[in-house]
Structures are given as C-alpha cells and as structure tokens.
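Dear colleague,

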Amino acid sequence: MTWEEMRPLLEQGTIDTLYMTFWSTLVAVLGGLPLGVLLVLTDRGGPLQNLPLNRVIGVVVNVGRSLPFIILMVALIPVTRSIVGTAIGPTAAIVPLAIGAIPFFARLVETAVREVDHGLVEAAWAMGGGTWTVVLKVLLPQALPSLVAGLTTTVIAVIGYSAMAGAVGGGGLGTLALTYGYQRFEHGFTLITVAVLVLVVTAVQLLGDGAVRLLARRTRTSG
Amino acid sequence: MITTTDLTKVYRSRDREVTALDGVSLHVRPGEVFGVIGRSGAGKSTLIRCLNLLERPTSGTVTVDGVDLTALGGRGHRARRPLRQARARIGMIFQHFNLLSSRTVKGNVELPLEILGLGRRERSRKALELLDLVGLADKAKAYPAQLSGGQKQRVGIARALAGDPKVLLSDEATSALDPETTRSVLGLLRDLNRQLGLTILLITHEMDVVKTVCDSAALMAEGRIVESGAVSELLATPGSRLAHELFPVGGPQGAAGRTTVDLTFHGATAGDPVVSRLARTHGIDVSIVGAALDTVGGHQVGRMRIELPGTFEDNVLAIGFLREQGLTVELPAQAGLPGQGAPPPDGAPPPPPASGRTAAAGRAGEAGEAGEGAETVGAEGAEGGAA
Ligand SMILES: Nc1ncnc2c1ncn2[C@@H]1O[C@H](COP(=O)(O)OP(=O)(O)O)[C@@H](O)[C@H]1O
Ligand SMILES: [Mg+2]
C-alpha cells in the first residue's frame, strides 16, 4: 500500500472517528450532566432528597457502566436501527456510544459536584437562593474544573469505544485498522492507524489538561 | 428585632436523638450587637441556623423584623418564595467565609444581587459600593484565593449586606482569624452596627469577642440559654457567670480564717481608691490577691480579689462599706456554708446563677473556679451608685 492510497483512507477514518466522538460526547453531556447532578441533589441530605429516585438512577447508571461496550452495542442494534435506519456506519455507532457514555459521564459529574463545599450551598440558601440558584450559580461553576477533567476522560473513553465499534462496521479509524490489518494483512497500515488514534487521544488529553489548568488558576493563591 | 419563643430542635437519626435546642427564648433589640457564647456543641450554630430557617425548628417560633418566619412555607432548604425573600433580607456570615472560588470578589458580592433580580449595571454599582464600605474597593477583580482571611471575611460581610438587611447573623465569623484580624473585623461590625443601625447577632466561643463588641450577651449550654442580659448589667449582677467569664479574677481562694472578697468596679467607681479608703477607715490590712482592668462593651471595668483577715462575721462592716461605695461585692467562699445547698449537679433549670457546670470555653478554667457557687452580698444599683 502506498502513502497515496493510505492518505484518503486515513483522512476519512479520522473524520469519521471525530464525528462519532463529537456527537456521542455531546449526547453524553446532555444526558450525564443532569443525571449526575440529580444523583447528588436527591441523595440523603440533599436539597431534593428523594431516596427511591436516587436508587433508581444509581442502579441504571451502575448497570450502564458495568455492561461491556461490545455487548451494549449488539444489544442496542434494534434500537439503533429504529433511530438511524441502519446498524452500520459512523452515524449508527453514535447511538450505542452515546448511551454507553451517559452513565460514564454521570458518575464523573456526581463525583465533581459532591466535592463542592456544602458551606457554599448554605451560603446561597441564606441569601434567599433556591435549588436552581444552587445548581447553576454554585454547584456547576464551582465544579467546573473537575467537570472539564471528567469531560476529557469521557472523550477519550468514547474514542476508545469508537475503535471497538469498528469491529462491527462502525466506521472510523477502528474499522480501518481491522479491515486492512486483520483481513488484508496490511500491518504497516494498521500501525499507522493506531498511531493516528494515539495522536488524537493525546491531543484531547493535552487540550483538556490545559483547560483545567486555566480554570484552576484562580483557585490558587498566586496569579 | 429577633425574637424566638421556646425554640427546640431535635435531630433524629435512626438510632438516636440529639436535642440541640431545648426551649430557647431570645430577644434581640433593634440596633444592638448581641453575642451568644458557649462551648462547642452547646447548640449555638443550630440556634443561628434556625433564625433564618436553614434548619427548621422542631417547635417554637422565630420572628425577625416583625415577620414570623416559622409560619412561612417550605422546609429548611426547600424554602418557598416568601421565606426566600425574607432570607434575602437577613445577612449571614460564616466562619469559613463560604466565598465562591470561581468568582471574583465583585462576582461574589453580586451573587445575592442576582438572586434579588437586579440588572447587570445596578449589580455592578451596588457591589462596588459595598466593597468600598468594607474597605476592599481595590480588590474587586481579585479572586478569593488571593485574599487574606480578614479580607475574605470583609468580602463575606459585603456580600451579607447586599440585600440591605436589618439583621446580620454571624456564626463564629472571627474564629478562623488571628487576634489582630479579629479585632479589625469586629471593629468593622461595630462600625456597621452604628452607621447602618444594623442589628447583629453573633455566635462565638471566644469571650474576647463578646467583650469587644457586644451590647448584650447570652450564655448557652446544652441547648439552653443559661443567662442573658445587657453586658453592663451582667457585670453588675453578683453571681453572673457571664460576668465572671467576661472578666475573670485570678488568685487563689482564701485560706482558713480569712475572707476572700471579689470586687467589680464599673462606671464611675472604676477610678475610686476604694481599697485604700477601706484600709484607712476600718483599719484593716487588705491583701490584694488578684486584679485586672479591662474594657468591656466600651466601658472600663476593674476586677479585684482581696483578702480580709478574720471570718465573714468579723468583716460584715467592711463588706457593707464596700457595697456602699457602689461596687459589686461577691464572696466566693460563701457557697460552702451550711444551709446554702450547692445547686444540683445536673438538670438545673435556667437560669441557675452559678452552677459552674457548663462554663463557656475560652477562660473556662479560671472563670469556672471563680464562678463556682459564688454567693451574693447584695449590691443593688451598683452601676449608678457612685455616679
Ligand atoms: N445536622 C445535625 N445532625 C445531627 N446532630 C446535629 C446536627 N447539627 C448539630 N448537631 C448536634 O447538635 C448539637 C449542637 O451542635 P451545634 O449547634 O453545632 O453546636 P455549637 O455551634 O454550639 O458548637 C451537637 O451535639 C451536635 O452534634
Ligand atoms: Mg458552631
């Protein structure tokens, strides 16, 4: 295989991977953020204490997290087909990726929000603030550095899952590595594909770390 | 301005109950600085959290500025609108400041203004005005992490004043600060109290705080108010535990055959040469065992423990003379006399004048001794007596 042959494949594969990752992560944030916050609010002593609801969300999140992704993907094929119309290709892969990433991110959100000093919540109540004020003006802004760190972890996990999705025709770099490496014995190409994946992951990690540093700067005494 | 009637708070968990407040009736007059002092675990924080209903009392009522807060809807943190609006008019400051590290100093002061629904320009103007009031106008753009403890508490105070409150609640606001910073923050509170007519209820375990800024004080122990009143009156009240702790006299108690007398000078008597006059007119050799001079609530107060030769009976005339001079006279040894049973060791109803059992922290050691069963030899009108 010449570089001329590889280049368009790699380009399309990267684009597909980024496409799947972006949309899956977006859905994971939209779903996981409220779930994670609810896990804290409905817990014992929380402002919206509701233990039955808390248990239900907790169990759903735990099951979602402990299910191996490959099983989730296969199990979700009917769902994917009914939403996207097909179970093959990058767009189809978004469905299991997003559903797998929601509980993953929700737990990270829960941890981040739990770390916020309860005194700040009390202060907001004492000012006459309600639950919305507490969530929007205290919990989320105070947890922002941890939330961004959690987002980075989630994006990287989704990239990893998306490569796995390649095994069942999800598209992206994972599919490339499998079809060309395993089926056509183009080991050089597989290596290059993996290198690109590593590059993407590293870039995400650096970007995320930079953002966290920027946000955390104000909580340090210097600066 | 703040009235509680028979406030109780019982914390229930699965296996036990804690009675944090046990029938607290408190009255804070408009414009005064009222200190509540007591040991850790006495229920002070619970009391102050019940005042703005962060904690809903188990029974009893809380009225702040004429509004019965306990009648307003919503549990503690699920407050409904009327209660939230009432809270916005009650300022609160905290031991650990509770500032948002994600916001600038100005942003922190703007938070309550956002809750009140003010527009952006109005918020900005008001926040800067408040920061100016607490002497931090130049720190508006700084983040809390860049400030010293005293500066952080000033931001907390500015934030607490955002809703133009008539009442400020302070839970151990100076307990995390060093003595000098404590003084300056207390000075600021005093100024705000005078300039804005702000009523301040502060909780502390440090007697010095009460001594420096409070007009009135209450001593709390085991969920009850053991003693309360205006600081100047307490000092003139023989047997007052708060007075003893505000101003403990040192020195050992009398040996056999001698009479120990504690004197408190205040108001106009503070400068009188009473002891030398006593020695002269009654021809007694007075030994001074311990003495201190201090400023309490803006007034000069002196305390002295003296020893007179002979028994109490030998010194009746001398003690009468001291009383006539307008001093508060107490005989710490009298408690042990027959017929004057010591207070029961437990469960004495308030206000037991001096059971000595639950002396507040801080100077508890010395004060506890001095307060133990102190007995009165009447000193009515000591305050104005010599004026
Ligand atoms: N949320 C709570 N749950 C159970 N017990 C509590 C709670 N808050 C306070 N207490 C108990 O109530 C008593 C009074 O506590 P607190 O008001 O904090 O005292 P202080 O502020 O004087 O140190 C203590 O015995 C404490 O353990
Ligand atoms: Mg406390």
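The notes below take up a ligand site and then a helix.

This is a predicted model, in which local features need pLDDT of at least 70 and side-chain atom pairs count only at pLDDT 80 or more, while totals for chains, interfaces and linings use all residues. Residues are numbered from 1 along each chain as its sequence is written, chains are lettered from A and ligands numbered from 1 in the order in which they are written, and side-chain values use heavy atoms, with hydrogens and water left out.

The residues around ligand 1 include B:Tyr11, B:Arg39 and B:Lys44 (a heavy atom within 4 Å of the ligand). Helix α1 (44–51) of chain B gives the most to this shell, with three residues. Among the polar contacts (pairs of N or O atoms within 3.5 Å), an oxygen atom of ligand 1 is 2.5 Å from a side-chain N or O atom of B:Thr46, and another pair places a polar side-chain atom of B:Ser45 2.7 Å from an oxygen atom of the ligand. Taken alone, ligand 1 exposes 560 Å², of which the protein buries 60% (Shrake-Rupley method, 1.4 Å probe).

Helix α4 of chain B, residues 120–133, has B:Arg123, B:Lys126, B:Ala127, B:Leu130 and B:Leu131 as its buried residues (under 20% relative accessible area, with exposed meaning over 50% and partly exposed in between, for a 1.4 Å probe and protein chains only). Seen down the axis of α4(B), these residues fall within an arc of 135 degrees, so they line one face of the helix (the arc is taken over directions from the axis to the C-beta atoms). On the other side of α4(B), B:Arg121 and B:Asp132 are exposed.

With best regards

Note on methods
Helices (H or I, at least four residues) and strands (E, at least two) are DSSP runs, numbered from the N terminus. A polar contact is a pair of N or O atoms within 3.5 Å; within protein, one must be able to donate a hydrogen and the other to accept it, and residues adjacent in sequence count only if both atoms are side-chain atoms.
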